[in-house]
Amino acid sequence: MVHTYSDNWNLEVFFQAGSHSEAFKNHLDETVKNIDGFRKAVSSWNPENSPNGATELSNLINGFERAAKQLRQAGAFVSCLQAQNTKDKKATELKAKITELSANFQTVLLEFDIRLTKIDKVEWSKLMENPFLKELQYVLDERRERAAEKRPAEEEALITSLSTDGYHGWSQMYDLLVSSVKISFNENGEVKQLSVGQAANQFSNGDRKVRQETFLEWEKAWGAKADFFAKTLNHLAGFRLNTYKHRGWEDVLKEPLDMNRMNKETLDSMWSAISDQKQPFVQFLERKASLLGLNKLSWYDLDAPLGKSSTKMTYQEGAEFIIDHFSKFGPQMADFAQMAFEEGWIEAEDREGKAPGGFHTFFPESSQSRIFMTYSGTPSNVSTLAHELGHGFHTYAMRDLHLLNRNYAMNVAETASTFAEMIVSDAAVKKAKTKEEKIALLEDKIQRSVALLMNIHARFLFETRFYEERKSGVISVERLNQLMEDAQVEAYGGALENYHPLFWASKLHFFITGVPFYNFPYTFGYLFSLGIYAQALEAGDGYEEKYIELLKDTASMTVEELAQKHLNVNLTEKEFWEKAVKLCVNDVEEFLELTNDK
Ligand SMILES: [Zn+2]
């Protein structure tokens, strides 16, 4: 029996009456109490002379889990409220409250980690014999080691305190500067001043003159303020490098690699496999140029549309298409998707007043997900829906694990989502009714590969070189431009006629302080997922069980261990990465063949 699926979600099962919910207010009060209780337990804990160590530590961890679950439940609820109605002022207030609670909780965790370092090695291994603690050993070892590698507690507290103005302040300065950038835009003879976001939308305009003029104004606008951006970037990087120096960390990649639980060899092998296979993507860009009637593409042509897929699917059709193709991979993924559609886990209605974009969030106390997006029937909407369901399936696979074993890093966070999206977008290409349709869908897929294997590669090359040079002093605007252009020429295999030297200023990612080196985890995640997808295609039926076992382990070991255990591959070697890139190359080959006669 086929159900009719509603495109509205159900939040009432968590707390009734939205942002005015009494039950939610009580939940927040309860959360405050529990964080406070956890704080008291941590500060009265003396791990050096604790006769009943394992029990005490286990109790603390349970307190940690309880508070973390409540906090996430609250955070998920408020994100949903804010997304479904951007005018919900009460939700904004609640959000501020949760941000404050999270900061408090983080301070307690810092204290907790420092106390972990006070336990000596012998005592620690004894503690880890306890079955409950053993289950969490990877995460606990990690917390303990990370804390031990830093400066002593008082000094780290000083760094954190100074970073508000000396580090994060520069990131906020960037946001302020960007909001002052206006780009002149000529619309039917009338000159308008566009914001950065509005101007960026013009790069996918079908008219080359519009793209070109926008880009000239774009470079002019960023160039006019380049000194300010350069100063901001230099100081932000200087703070980071100095902190690393005081901690005795030589390699600027140490922190991002640790955060992503991966080693340097893996990263090098990944980029090296990508560098070896630039040629097909260069050919794609050349073909795109000739399809647009150009000799070579310019930076501002990269997002130019080639054609449009006209096929639309209703929400019901999209849902059935997804369930159908998931079921060809495995019953559990299909059942999960069906449950999400049937039980009001998805908000997809196309209406005003909703936030842009899409996301997945998880309510740990209820073991339920919610997915947010605006569905208007395009193939890319269907992909997005599959993508977010993939995230949902990832958390669903982990639902019985301890919360501490569910915190996966950024680089594996996109594993299940990319995987789900691949199943659906491959099926869509195969089912395309016309050649034009097929070309449009393929181009969409290839553009993603170009972004992850070329654009992000350029960002990585630039960022590593910039940080290396910054160690010996401040870098000028001219030098930043040069570093960026060189990185782009290399990453795009020389395929473009001209580049975007001021990209270091226009790209927010270089100025994010919450996460250093924000870029490479995306490329890792994409290829890691494709590598699993390649194995799944080879294995055929029955791969789902293996896949679920892999997902369950994504937050309790290094990525190298994860790949060795579940895929039987060595990530530090190029072979795995080559296979993954080959899947992207297959799309290009098909595209080249289909467009050969054009
Ligand atoms: Zn995602």
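Predicted model: local features only at pLDDT ≥ 70, side-chain atom pairs only at ≥ 80, totals over all residues.
Figure 1. Leaving aside residues up to four places away in sequence, Tyr138 touches Arg261, Ala555, Ser556, Met557 and Thr558. The C-alpha atom of Tyr138 is separated by 8.7 Å from that of Asn405, although the two residues are 267 residues apart along the chain.

**Figure 2. Arg261 in the loop between helices H11 and H12.** Arg261, one of the residues touched by Tyr138, lies in the loop that joins helix H11 (254–259) to helix H12 (264–276). Its phi is near 50°, a positive value in a residue other than glycine. Most residues other than glycine have a negative phi. The relative accessible area of Arg261 is 11%, so this residue counts as buried.

**Figure 3. Phe517 in the loop between helices H21 and H22.** The loop containing Phe517 runs between helix H21 (503–506) and helix H22 (520–539). Phe517 has a phi near 50°, which is positive although the residue is not glycine. With a relative accessible area of 2%, Phe517 is buried.

**Figure 4. Packing of helix H12 against helix H22.** The axes of H12 and H22 are 11 Å apart and meet at an angle of about 75°. H12 is therefore roughly perpendicular to H22, because angles of 65 to 115 degrees fall in that class. H12 contributes Thr266, Leu267, Met270, Trp271 and Ile274 to the contact, and H22 contributes Phe520, Thr523, Phe524 and Leu527. By class, seven of these residues are nonpolar and two are polar, while no charged residues take part.

**Figure 5. The open sheet of strands S3, S5 and S4.** Three strands, in the order S3-S5-S4, form an open sheet with mixed pairing. Strand S3 (346–347) and strand S4 (359–363) stand at the edges; each has a single partner strand, so one side of each is left without a neighbour in the sheet. S3 pairs with strand S5 (residues 368–372) in the parallel sense, over two bridges. Glu347 has Phe372 of S5 as its bridge partner. Strands of a sheet pair through backbone hydrogen bonds, in either a parallel or an antiparallel sense.

Notes: Residues numbered from 1 in each chain as written. Heavy atoms only, no water. Helix = DSSP H or I, 4+ residues; strand = E, 2+ residues; numbered from the N terminus. Buried < 20%, exposed > 50% of the residue type's maximum accessible area, 1.4 Å probe, protein only. Contact = heavy atoms within 4.5 Å. Pairing = 2+ DSSP bridges. Axes fitted to C-alpha atoms, helices over the stretch in contact; angles between N-to-C directions. Parallel < 35°, antiparallel > 145°, perpendicular 65-115°, else oblique. Nonpolar A, V, L, I, M, F, W, Y, C, P; charged D, E, K, R; others polar.
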